[in-house]
Amino acid sequence: MRKDGPRWRQMASAAGIAGLVLLSGCGRSSAPQSSGGAALGDCTSDIAGDAAIIDALVPDVATVRKRQVAADRFGDGFRVEGNQAELDYIHYLAGQLRKLGASDVREEPYTFTSWSAKTTKLEVLNGASPGPLHVAYFIPSSGSTGPDGLSAPVTYLSALSGVNLLGAVYGALSQQNPADIPLAIQATLQDTLSGGVSLTQAIASANVGGKIVLYDAPKLALPIGAFEALSVYVHDDNGTLGPLTPYTRPFVNELILIGAIDAALKAAGAAGVIAVLDYPPAAADNSYVPFGGLAIPSVPGLYLDRDTGAALKQQIVDAGVTPLQLKMTLDASQADATSYNVSALIPGECDRQILVSSHSDGPNSIEDNGPAAILSMAEYFLHAPASQRRRGLKIVFTGGHFAGSPGISAYIDAHHDELQEKAMTAIEIEHLGAREWDELTPGTMALDGLPEPLVLYGDLGSVQQDESVTFARQFDRSLVTVPLPFGEGGPWSSDAGLPKIQLITGPVYLLNGPLPEVSSDFTDYDLEQRQIKALIQMVLNLNTHSAATLRADRSFSDLP
């Protein structure tokens, strides 16, 4: 095992692996504009000889903060499912690109089916303590009771402990294509080879037909070693990522498992579901999870925080043989919706490009602050000398991440040939500057003074992977892994056929929103600014490599 210093760890990739839409032409666009940098010359070669970052051109911390916090002006940061806040933020981003001086700024529409909740309520109708209960949130895309709600007896499902839930999580993590995750989860949850019970068997034992089913949402702690086994490089300068360090995040639990569990309960005849999140209200409230392809339509579902869930379970026990009756209301609806992808170009002397991208929707300002970071990258390259602009910088902000990623799919469908011809690499940027926030004492969520672990990945053995390692060397608690199925950047490789670098974090609060503390407390803007600077350097470094090196999948002629 090679070490680059006493606190660096290098993992062999082989060991890691063993360890585990067509409407774009209708959008608005702006005419090309001149940039503030040096005049561009003729294309004599697209390979740059100048990769020395110019510190004076890197936007400062105050600018980085201002750009992220701007998301809170739109629905307090809650921008999902094509709501007005999402649309307004998208148009704002396009306006910012125009203001900076980017060329060919386009807002390209796509359509999808949106799901939105109007009303959520839960009430105990009988027993010793009838009355309303605090609802942490609805389960997205689960179902609808209509405005009148539904009344039914509640039953507590305790049999999930025998189901191979951890195996389902590992099965999901082992997939490289996000589209394969649901089937992998279902296959593992029905497996009985290890001596456990299948999800179907566990539910059948509880007689859930016609009832509202209360169950404990899984909270599985993966050891950091599970991710290190999938890593080619780990930076753990301060020793906080030991192999046995527990890693518990909603995207590992609720995102992967809730949809599959609720779909199985629907198949068994449940009238509704209530999942108890093993967090205090500060972390449980407004948890927008699952989403996208893992938000499987089922029956109406609500979340409760840990204390409210415990009180309800006690009421079920106290009711004895008399069924406890609940009234659940989740008035939700589906509708045809239109949203927009935004694209722009920072021109280079040659037609070839590096593509930088992020999704524009999310429930809070860090989900996703990729567009805000890319605005700062655009500002740098718009003022960079011609020697650093042999290739252009293509900017794409895709929408609909929380609705199953129709935005990036539509963009690739409309621009596939152009991407194949011009894009040398895609870099997907998500959730920069995140601080780690966890339950440090029972019932109390707090920052622990550490940055949230950060993951990068690219194709094994590629220049893109080398640049991911170069980035990770600069930031403690960073891992460079084999390709994983998380992050919005997957389609750049699976559908567009591009090599890519995915950068992503997954803090506990990532999917909570609106949550103003994300902007005021949970984002380290100094860290974010340094990460943006490192991403600018990544682009500069990639541009020193030939097209044939960056795109080994196809042949490119030399320029001019």
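Visitor: Before we start, what counts as a salt bridge here?
Guide: A side-chain nitrogen of Lys or Arg has to lie within 4 Å of a carboxyl oxygen of Asp or Glu. Keep in mind that this is a predicted model.

Visitor: Fine. How close do the N and O atoms of Arg249 and Glu436 come?
Guide: Their closest N and O atoms are 2.9 Å apart, and the two form a salt bridge. Arg249 sits in the loop between strand S10 (246-247) and helix H8 (254-267), while Glu436 belongs to strand S17 (residues 435-441), so the pair links distant parts of the chain, 187 residues apart.

Visitor: Are those two buried or exposed?
Guide: Arg249 and Glu436 are both buried.

Visitor: Switching to rings: how many aromatic pairs?
Guide: There are 18 aromatic pairs. Phe138 and Tyr288 make an edge-to-face one, with centres 6.0 Å apart and 85° between the planes. Phe138 is in strand S5 (residues 137-138) and Tyr288 in the loop between helix H9 (281-284) and strand S12 (301-304), so this pair ties together parts 150 residues apart in sequence.

Visitor: And which cluster do they join?
Guide: Ring pairs link Phe138 and Tyr288 with Phe78, Trp115, Tyr137, Phe291 and Phe402.

Visitor: What about charges over rings, say at Tyr279?
Guide: The charged end of Lys219 sits over the Tyr279 ring, 4.0 Å from its centre. Arg79 likewise lies over the face of Tyr89, 4.7 Å from the ring centre.

Visitor: Last topic, helix H12. Where is its kink centred?
Guide: On His415, where H12 bends by about 75°. His415 is among the buried residues of this helix, which also include Tyr411 and Leu419.

Visitor: What covers that buried side?
Guide: The cover includes strands S3 (103-124), S13 (325-346), S14 (353-359), S15 (392-398) and S16 (423-429), along with helix H14 (490-494).

Visitor: How far apart are the end C-alpha atoms of H12?
Guide: They are 23 Å apart, which agrees with the 24 Å that its 17 residues should span at 1.5 Å a residue.

Key:
Residues numbered from 1 in each chain as written. Predicted model: local features only at pLDDT ≥ 70, side-chain atom pairs only at ≥ 80, totals over all residues. Heavy atoms only, no water. Helix = DSSP H or I, 4+ residues; strand = E, 2+ residues; numbered from the N terminus. Expected span 1.5 Å × (residues − 1). Bend = angle between axes of the 7 residues up to and from the residue. Buried < 20%, exposed > 50% of the residue type's maximum accessible area, 1.4 Å probe, protein only. Contact = heavy atoms within 4.5 Å. Phe/Tyr/Trp six-rings, centres within 6.5 Å; stacked < 30°, edge-to-face > 60°. Lys NZ or Arg CZ within 6 Å of the ring centre and 35° of its normal.
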